[in-house]
Amino acid sequence: MLGWLAFDCSDYPRAQRRFEAALAAFDVRKNRPGRLKALNGIASVLSDTGRHEVALRTYRDALALATELEDQKVAGAVKTDFILSAEIMAISLAAIESDSLWMRAGALAAVAVMITVAVYGVVAL
């Protein structure tokens, strides 16, 4: 962002104008990650220019937005994981040729354990 260039040159008035323009543009486009970066820039300018109370409020707004964005990412990941797990179970169930309910249940339980161990094993690496 151009705001950071001005900030790095200690041109705080220009940096603040750039960050505020970016914030307005991101608000219009409903770009929340961009809004987060613009809020962080504004808070940095405010902090460096001695307006600590306003900077603190701005940082708190940015933190609330960051927390909200992270919660959305986690919710999306959980939903994706659930869908993939259901697909794996459906494919496994279709591959079982036995008509026995217990055989199918045992095979699904085994697949669930193997997939869980494999996924957490990869994540642990």
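Select Trp4, Phe7, Tyr12 and Phe19: together they form one aromatic cluster. Rings of Phe, Tyr and Trp (its six-membered ring) pair if their centres lie within 6.5 Å; planes under 30 degrees apart count as stacked, over 60 as edge-to-face and the rest as tilted. By this rule there are 3 aromatic pairs. Take Trp4 and Phe7 as one of them: the pair is edge-to-face, 5.3 Å centre to centre, with 80 degrees between the planes.

A word on the model. This is a predicted model, in which local features need pLDDT of at least 70 and side-chain atom pairs count only at pLDDT 80 or more, while totals for chains, interfaces and linings use all residues. Residues are numbered from 1 along each chain as its sequence is written, and side-chain values use heavy atoms, with hydrogens and water left out.

Now show helix H1 (residues 2–8). Helices here are DSSP runs (H or I, at least four residues), numbered from the N terminus. Trp4 and Phe7 both lie in H1, 3 residues apart, about one turn of the helix. Phe7 counts as buried because its relative accessible area is 14%. Trp4, at 26%, is partly exposed.

Tyr12 is partly exposed, at 21% relative accessibility.

Next, select what surrounds Phe7. Leaving aside neighbours within four places in sequence, Phe7 is in contact (heavy atoms within 4.5 Å) with Tyr12, Ala15, Ser44, Val45 and Asp48. Draw a distance from Phe7 to Ile42: their C-alpha atoms are 9.8 Å apart, across 35 residues of chain.

Move to the largest nonpolar core. The term covers a set of buried Ala, Val, Leu, Ile, Met, Phe, Trp, Tyr and Cys residues joined through side-chain atoms within 4.5 Å. This core has 16 residues; among those with the most contacts inside it are Ala15, Phe19, Leu23, Ile42 and Val45. Which helices supply at least two residues each? H1, helix H2 (12–29), helix H3 (32–48) and helix H4 (52–95) do. Centre on Ala15: beyond its neighbours within four places in sequence, it is in contact with Gly3, Ala6, Phe7 and Val45.

Two loops come next. Select Ser10, in the loop between H1 and H2. Its phi is near 60 degrees, a positive value in a residue other than glycine. Ser10 is partly exposed, at 46% relative accessible area. Then go to Lys30, in the loop between H2 and H3. Lys30 is not a glycine, yet it has a positive phi of about 55 degrees. With a relative accessible area of 70%, Lys30 is exposed.

Last stop: helix H5 (residues 101–124), which holds Val123. At 61% relative accessibility, Val123 counts as exposed.

Definitions and conventions: Buried means under 20% relative accessible area, exposed over 50%, partly exposed in between (1.4 Å probe, protein chains only).
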